[in-house]
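Here's a quick walk through the model on your screen. We'll start with the whole fold, then stop at a few spots worth a look.

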Amino acid sequence: MTAAPMAYAGGSPVYTGTFSNDALQGYDAVAYFKQGEAVEGSKDFSTDYNGAEWKFSSQANLDAFLETPDKYAPQYGGYCAWAAAQGKTAKGDAKHWRIVDNKLYLNYNADIQSKWDKDRSAFITKADAKWPDLIK
């Protein structure tokens, strides 16, 4: 199943860092929802999606992602949600995450996440409005 491509910034639809092609720094996108924690994925259970390699901890999680990738892929392509609200792009760290309204959001680090946590809904509203301009 092929899904519509996500919006992108900086030439990449998914944040992968400079020296990697791994989405979520190799963590399992589905595990955030099913296990409630950041779980490292494996090359044994991987797929390419939107120009990045996505790794999963099990075949079941890979299959769930393949069925509905937009359900599990992080918002803003895995870039920092707080930065997107500021009209900028910055790396999203797979260890600094939250699920809000069944959507996965990443932040740059613990300090930024603390700022973001103070008014998540307002930051999400701002980021949703600014994200289209960040991808042009």
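## Overall size and make-up

With 136 residues, a compact globule would have a radius of gyration near 14 Å, and the protein agrees because its own value is 14 Å. That radius is taken over C-alpha atoms, and the globule rule is 2.2 Å times the number of residues to the power 0.38. The C-alpha trace spans about 35 × 30 × 25 Å along its principal axes.

A word on where this comes from: it's a predicted model, in which local features need pLDDT of at least 70 and side-chain atom pairs count only at pLDDT 80 or more, while totals for chains, interfaces and linings use all residues. Residues are numbered from 1 along each chain as its sequence is written, and side-chain values use heavy atoms, with hydrogens and water left out.

The protein has 6 helices and 4 strands, and from the N terminus they run α-β-β-α-α-α-β-β-α-α. Helices (H or I, at least four residues) and strands (E, at least two) are DSSP runs, numbered from the N terminus.

## Inside, outside and charge

How much of the protein counts as buried? The figure is 45% of the 136 residues. Buried here means under 20% relative accessible area, exposed means over 50%, and partly exposed is in between (1.4 Å probe, protein chains only). The protein exposes about 7,100 Å², with carbon and sulfur atoms supplying 48% of that; the areas come from the Shrake-Rupley method with a 1.4 Å probe, and for residues only the protein chains shown count as cover.

Take the contacts (heavy atoms within 4.5 Å) with a separation of 6 or more: residues 24 or more positions apart account for 57% of them. As for charge, there are 15 positive and 17 negative side chains, and the centres of the two sets lie 8 Å apart. Lys and Arg count as positive and Asp and Glu as negative, while His and the chain ends are not counted. Each charge is placed at NZ of Lys, CZ of Arg, CG of Asp or CD of Glu.

Helix 2 buries Asn 61, Leu 62, Ala 64 and Phe 65. Down the axis of helix 2, these buried residues fall within an arc of 160°, so they line one face of the helix. The arc is that of the directions from the helix axis to the C-beta atoms. Their cover includes helix 1 (29-34), strand 1 (42-49), strand 2 (52-56) and helix 3.

Thr 68 sits in the loop between helix 2 (59-67) and helix 3 (69-72). At 32% relative accessibility, Thr 68 counts as partly exposed. Thr 68 and Phe 56 are 12 residues apart in sequence and 14 Å apart in space, C-alpha to C-alpha.

## Helix 5 and Gln 113

Gln 113 belongs to helix 5 (residues 110-117). Is Gln 113 buried or exposed? Its relative accessible area is 6%, so Gln 113 is buried. Leaving aside neighbours within four places in sequence, Gln 113 is in contact with His 96, Trp 97, Arg 98 and Asn 107.

The buried residues of helix 5 are Ile 112, Gln 113 and Trp 116. Seen down the axis of helix 5, they fall within an arc of 100°, so they line one face of the helix. Covering them are elements including helix 4 (81-85), strand 3 (93-100), strand 4 (103-107) and helix 6 (120-134).

## The loop between strands 3 and 4

Asp 101 lies in the loop between strand 3 and strand 4, and Asn 102 is found in that loop too. Phi of Asp 101 is near 50°, a positive value in a residue other than glycine. For Asn 102, also a residue other than glycine, phi is positive and near 60°. Asp 101 is exposed, with a relative accessible area of 70%, and Asn 102 counts as exposed at 62%.
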